[in-house]
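The sequence and structure are shown first.

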Amino acid sequence: MTIRFKMLSMLTMIAALALVMLLMLYLGIKREERLIILNASSHSILENSLRLSGELYRYFMKTYDYMAVPYDPSASESGTGRSPIHLKSIEKRSRQIMGQLENDILRESIYLEGEEKEKQKHELKILQEIRTVYGDSVHHVNQALLLHSAGYHEQSLQFLSNIMEIKFKEQLKGMLNQLVQHEKHEAEDISAILITLGERLVMLAIATSMSTLILSMLIGLFMVRSITKPIKKLMKGTLAISAGDLGHRISYDGADEFSELARYFNKMSTILMSQRDDLLEIQSSLERKNDQLTLEIRERKQAEEEARQHQARLAHVLRLNTVSEMATSIAHEINNPLSAIINYTRGCERRLVSGEIDKPVLKDTLEKIGAQAERAAKIIRRIRNFARGIKSDRTRVDISHIINDVLAIADFEARRQNIIMNSAPSGEALPMVVDRIQIDQVLWNIIINAIEAIANSNSTRREIDISSARIDENYAEIAVHDTGPGLAEEDLKDIFDAFFTRKPEGMGMGLAISRSIVESHGGHLRATRNSDSGLTFHIKLPLAKEGMSYES
Amino acid sequence: MNHKSTVFVVDDDQDMRTSLRWLIESVGLYVETYSSAADFLSNYDTARPGCLVVDVRMPGMSGLELQEKFAAQNASIPIIVITGHGDVAMAVRAMKTGAVDFIEKPFNDQILLDRIQQAIDKDAETRLINAEYSTIAARIASLTPREREVMEFIVAGRLNKQVAADLDISIKTVEVHRAKIMEKMEAGTLPKLVEMVLRHKGKP
């Protein structure tokens, strides 16, 4: 049931009530109307009675007149005198009135019933008497006429006047008085009735309006209740849900909007509950993930710590590796003066044995031996310079010094591999604050890689170009350009990954460590493919800020 | 053949060159030194006997490249490659391409001198064999096509009349050819002729 339907039914009820009240009112009025009609009828009886008495009087009078005037047939023929025919018409009319009276009484008796019938009896009795008087009167008039016609004019006249006296002055008058009295009573009754009717109407109006008011109030209350009750329920439900009780359901019956709303509400709370359950699920899974993440972060931190230690170990390995490669290179380089010394001494020995040596030649050769020993010592000194200062100290140094340091050592290896190294340092000073040993290692590593790349290739051009230049106001770059076979684009991105190597004996650590060293200096290490062949490595490092201490 | 065997030393390190000369000359060998492979090549006459002592690493052209170049040209001069420590892979490569020997520096002087002597001897032998080969080749070249054809049959062991039947010619004609072949090849006997032809074909 919809609310509209409820309201419609309420309105219909009100209308029906109003109709019932109207009907009651109508019926009440109808009753009063009947009483009034009855009264009107009584009044008519009275009127007719009066008329009848008037007619009777006239009848008497005419008859008297007729009898009083001596009979003159001529006069009667001429029509000027009154004739018995004329009397007849009066009689006839009287009879008519009489009939009317009887009809009135009859009619009134139809209306009357119960108690009222009793009340009217008196009236009827009076009428009866009137009729009797009338009948007696007509009879007496006819007797008088008969007397008159019999020639007893005087007697007839006397008789008639006596009758008239008796009938009118006593009987009829008394009866009429009674009637009037009765009418008067009735009128009083009517007025009382009318007053009652008016009072009743007022009462009815008041009662109707009161009851309508009360009814409307009741209906209003009911309607309000019927609306507020589900709203309260809904509110309670909403409060319950807002308080977190998503399991709360609103009971409903029927098919009105509230029931529908309640159904939707329940549906909503069901959805909310399932969503809350989902949320709780998500929350718990998030918590789990969070725990997992926390754990992972801890593990990662641990792993990072391990990686740092590992890198430190690797850096050490790289250093050892570097030292090992340097050692090889140094061995090659020192071999030359050593071999020369051996050759000179053995040559001298043989000549001394065979006795075919001059003193000046011997002296000259011994000098040469000394020079070769000096040369070897010089190489060792240079290496000591290179390896000096193992402590990790950042000092201010010009980029060209680093390049010169490394080239001095790497040159042996390059020559060994028949590779030409061209150095093109920047004309301007490019100071930076770096761990010189570490950056030396990075550059050394890259140059050795370049040398190996060329050595293991069939390149006709065997050159390495090392240049330095300022990039912007904050950075400078060392570029190492080789003419080796280079790398495929897809491999290029992997070369800085640990364990990426193309050398059978390589560990694939050099470039990975080099990059981390450069990045720890706030720089960047990358490799690009050359347009013709080979790779260029770019060591980008931040320039020293003004005011930093300088150490040559 | 009249040339004196020479030890050609190619090294970019001047001290090495000088000291090697000093050492090698101490045993009475003739030494020529060059500072680079290119320098050596522009001055070298393949007819000159001897051996080449070359450093494995040099700017421009390395010892190995020089040796590979000789191998490609079929030049026969023996090469001793001086390598540094840890250049085993290079030494193997050198051996594979036909270098006589390699020696790791710093080297024992006696070993180097022995190797040089061996190389010179080998070169002399090679040159002798090559000279003989050239002589035989020249003799074969002097034969007419028909004579060469007949010689193939004779070397294969066919008798004169079999050769005559094979070539559909008279035995007399075969005998004339045979006499001419023996004369031109300067082979006194049939076994000598067979030996020469086999040597020419590269067999022992």
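## Terms and basis

A residue is buried if 20 or more other C-beta atoms lie within 10 Å of its own, exposed if 12 or fewer, and partly exposed in between, with C-beta atoms placed from the backbone. The model is predicted: local features need pLDDT of at least 70, side-chain atom pairs count only at pLDDT 80 or more, and totals for chains, interfaces and linings use all residues. Residues are numbered from 1 along each chain as its sequence is written, while chains are lettered from A and ligands numbered from 1 in the order in which they are written.

## Chain A

Chain A holds 11 helices and seven strands, both being DSSP runs numbered from the N terminus (helices H or I, at least four residues; strands E, at least two). Of its 552 residues, 26% count as buried.

Two residues are in contact if their C-beta atoms lie within 7 Å. Of the contacts in chain A between residues at least 6 apart in sequence, 75% join residues at least 24 apart.

## Interface with chain B

In chain A, 24 residues are in contact with 22 residues of chain B. Helix 6 (257–354), helix 7 (359–387) and helix 8 (399–416) of chain A each give two or more residues to this side, and helix 6 gives the most, with 16 residues.

## Helix 11

Helix 11 (residues 510–520) of chain A is mostly covered, with nine of its 11 residues buried. Among them are Leu511(A), Ile513(A), Arg515(A) and Val518(A). Just after this helix, Gly522(A) adopts a positive phi of about 80°.
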